[in-house]
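Here is a short briefing on one protein chain. Please keep the sequence and the 3D view open while reading.

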Amino acid sequence: MNKAKSFLGGIALSVALATSALAAGVELNASSTGLAMQGYDPVAYFNAGEPTKGSYKITTLHNDATYRFSSEENKVAFEKNPEAYLPAYGGYCAFGTAMGFKFDGDPNHWKIVDNVLYLNLSEDIQERWEGDIPGFIEQAEVNWDTIEDKDPAALQN
């Protein structure tokens with residue numbers, strides 16, 4: 001019975017991961033429900049200067065992902081020019097992208113460089129990234145062309 005439960009659990013996990021990748025699209029880091037940036041407001045980084053949770057009542061759909069906003073003004077700004085506020089590399093970790101991988105970007109570990117929002121996986125990863133931001137951005141740009149459409153799990157094989 002335990003083997004059967006384990007096997008079925010493995011199938012369920014595989015289906016969930018596949019569904020998540022299909023629902024979110026591999027070029028965008030979004031939850032299985034399509035929620036981008038863990039519900040954080042992408043515009044707030046630029047006008048409030050800090051991570052700000054968006055409201056489930058103030059949302060917009062962009063490239064099949066749902067973005068939440070902390071105010072109607074931020075939603076309007078995003079809808080007028082989403083490219084100005086979207087995080088680099090689809091919201092995946094900037095350092096990971098520089099290394100050729102796609103790891104979840106944590107909205108609490110961020111930096112705006114040349115008016116572009118970058119997310120990183122964790123505080124220690126962000127500290128490493130900050131050791132050579134221009135170099136890592138340059139390498140991430142090269143890698144992104146190759147990995148953008150690949151499933152994150154496929155990059156770890």
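Tyr-92 is buried in this predicted model, with a relative accessible area of 4%. Buried means under 20% relative accessible area, exposed means over 50%, and partly exposed is in between (1.4 Å probe, protein chains only). Residues are numbered from 1 along each chain as its sequence is written, and side-chain values use heavy atoms, without hydrogens and water. Local features need pLDDT of at least 70 and side-chain atom pairs count only at pLDDT 80 or more, while totals for chains, interfaces and linings use all residues.

**Aromatic pairs**

- Rings of Phe, Tyr and Trp (its six-membered ring) pair if their centres lie within 6.5 Å; planes under 30 degrees apart are stacked, over 60 edge-to-face, and the rest tilted.
- The count by this rule is 10 aromatic pairs.
- Tyr-45 and Trp-110 form an edge-to-face pair, because their ring planes stand at 65° with the centres 5.1 Å apart.
- Tyr-45 sits in helix H2 and Trp-110 in strand S3, so this pair ties together parts 65 residues apart in sequence.
- Helices (H or I, at least four residues) and strands (E, at least two) are DSSP runs, numbered from the N terminus.
- Tyr-45 is buried, at 2% relative accessible area.
- Tyr-92 and Trp-144 make a tilted pair: the ring centres are 6.3 Å apart and the planes are at 45°.
- This pair also links distant parts of the chain, 52 residues apart. Tyr-92 is in the loop between helix H3 (72–80) and helix H4 (94–98), and Trp-144 is in helix H6 (residues 133–147).
- Trp-144 is buried too, with a relative accessible area of 11%.
- One aromatic cluster contains Tyr-89, Tyr-92, Tyr-118, Trp-129 and Trp-144.

**Nonpolar cores**

- A nonpolar core is a set of buried Ala, Val, Leu, Ile, Met, Phe, Trp, Tyr and Cys residues joined through side-chain atoms within 4.5 Å.
- The largest such core has 18 residues. Those touching the most other members are Tyr-89, Phe-95, Val-113, Tyr-118, Trp-129 and Ile-137.
- At least two residues of this core come from each of H4, helix H5 (123–129) and H6.
- H6 gives the most, with six residues.
- A second, separate core has 14 residues, including Ile-58, Phe-78, Tyr-85 and Leu-86.

**Leu-35**

- Leu-35 lies in the loop between H1 and H2. Leu-35 counts as buried at 18% relative accessibility.
- Leu-35 touches Ala-30, Thr-66 and Arg-68, leaving aside residues up to four places away in sequence. Contact means heavy atoms within 4.5 Å.
- From Leu-35 to Leu-61 is 26 residues in sequence and 9.3 Å in space, C-alpha to C-alpha.

**Positive phi**

- Most residues other than glycine have a negative phi.
- Gln-38 has a positive phi, near 55°. Gln-38 is in the loop between helix H1 (2–24) and helix H2 (44–47), and is partly exposed at 43% relative accessible area.
- Asp-114 has a positive phi as well, near 50°. Asp-114 is in the loop between strand S3 (106–113) and strand S4 (116–120), and counts as exposed at 73% relative accessibility.

**Confidence**

- pLDDT is the predictor's confidence in each residue, from 0 to 100.
- The chain's mean pLDDT is 85, and 81% of its residues reach 70 or more.
- Over residues 1–25, pLDDT stays under 50. For these residues the model has 10 contacts beyond four places in sequence.
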